[in-house]
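Please examine the model shown below.

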Amino acid sequence: MTFRYTQTPMPPALQLLTGRTSKGRPIIPVMLYGPAGSLLWDGLGDSGADWTVFPEPLARQVGLDLRHAVPCIARGVGGGSLLVHYLPVKMRVSDGLEAREWTGIIGFASLTARYALLGQLGFLEFFTANFQGDLEVVELTVNSRYAGT
Amino acid sequence: MDEPHWHDLYATNKSKFTAEELRPYHGQFLAWSKRGDRILAHDADLGELVRLVKALGLRCDEVVFDRIPEGGEPEIALCQ
């Protein structure tokens, strides 16, 4: 599966330094399934993130009961901490030509970021991810750990 | 079934929205068309937004959701 980067504005202070007005982000829409329904939500592929974390309101919306989730504190690169509730969730990703569906451990938290964070546990662990900085695309190929369809 | 290459179109079109154009949506959940060329509905409450999307006759897999934080999009989103 191939996902083209979504362009976002470069901060003005960095435009002089980089000579660019925009920067690409590997945004990958992910379908989340729960007992009450499903939602397609934008996620940011982040190979440096240990966890996969979605905004907490999504759990309520698809009917996932976080009272049965495992709580854990995650720490950001700036030192801030975040309470995350983890549980197994069914997900689906498609670029239109190929679709993959699996169940992985993902977390829900009060995120201040715009996108879900698609990190190692629950997401990237199941794929060989090729982030092509020059072409600004990310290719995902299922690996030996993938046990979905 | 997804349209072939739908994500290419989605990423390309969504990139055309400027920070200024998205400013009215700060603090809101958004429902984007899968072509990425339109914000079909928005609301501060995700449940209400889903109701709005369904009222448009759309399923939740026919739009893409995200949320723009209050104050706009942060530059760094890292988690360990």
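A:W41 and B:F29 are both buried, where buried denotes under 20% relative accessible area, exposed over 50%, and partly exposed the range in between (1.4 Å probe, protein chains only). Their ring centres lie 6.0 Å apart with the planes at 65°, so the pair is edge-to-face. For such pairs, rings of Phe, Tyr and Trp (its six-membered ring) must have centres within 6.5 Å; planes under 30 degrees apart count as stacked, over 60 as edge-to-face, and the rest as tilted. A:W41 belongs to strand β5 (residues 37-45) of chain A and B:F29 to strand β1 (residues 28-33) of chain B, so this pair joins two chains. Helices (H or I, at least four residues) and strands (E, at least two) are DSSP runs, numbered from the N terminus.

The model is a predicted one, in which local features need pLDDT of at least 70 and side-chain atom pairs count only at pLDDT 80 or more, while totals for chains, interfaces and linings use all residues. Residues are numbered from 1 along each chain as its sequence is written, chains are lettered from A and ligands numbered from 1 in the order in which they are written, and side-chain values use heavy atoms, with hydrogens and water left out.

Strand β4 (residues 27-34) of chain A runs antiparallel to β5(A), and eight bridges join them; two strands are taken to pair if DSSP finds at least two bridges between them. Within this pairing, A:L32 stands opposite A:L39 of β5(A), and a hairpin of two residues connects β4(A) to β5(A). β5(A) also pairs in the parallel sense with strand β10 (residues 116-118) of chain A, over three bridges. There A:L44 faces A:L117 in β10(A).

A further set of pairings involves strand β9 (residues 99-109) of chain A. Strand β6 (residues 53-55) of chain A runs parallel to β9(A) and is joined to it by three bridges, with A:G107 in β9(A) as the bridge partner of A:V53. Strand β8 (residues 81-94) of chain A is antiparallel to β9(A), with 10 bridges between them, and A:P88 stands opposite A:I105 in β9(A). β8(A) and β9(A) form a hairpin with four residues between them, and A:G96 in the turn has a positive phi of about 105°. Most residues other than glycine have a negative phi. Against that background, A:E136 has a positive phi near 55° although it is not glycine. A:E136 is found in the loop between β11 (127-132) and β12 (137-142) of chain A.

Which residues have the most contacts inside the largest nonpolar core? They are A:F54, A:F108, A:F123, A:L140 and B:F65, in a core of 41 residues. Such a core is a set of buried Ala, Val, Leu, Ile, Met, Phe, Trp, Tyr and Cys residues joined through side-chain atoms within 4.5 Å. Apart from it lies another core of 11 residues, including A:M31, B:L30, B:W32 and B:V64.

A:F123 counts as buried, at 0% relative accessibility. Leaving aside neighbours within four places in sequence, A:F123 is in contact (heavy atoms within 4.5 Å) with A:I28, A:V30, A:T52, A:V93, A:W102, A:L118 and A:L140. A:F127, at 5% relative accessibility, is likewise buried. Ring pairs link A:W102, A:F123, A:F126, A:F127 and A:Y146 into a cluster.

A:K90 lies over the face of A:Y33 at 4.6 Å from the ring centre, and B:K34 over that of B:W6 at 4.4 Å from the ring centre.

Chain B holds three helices and three strands, arranged along the sequence as α-α-β-β-α-β. Of its 80 residues, 44% count as buried. B:S15 is found in helix α1 (residues 6-15) of chain B. Not counting residues up to four places away in sequence, B:S15 touches A:T6 and A:Q7.

Terms used
A charge sits over a ring if NZ of Lys or CZ of Arg is within 6 Å of the ring centre and within 35 degrees of the ring normal.
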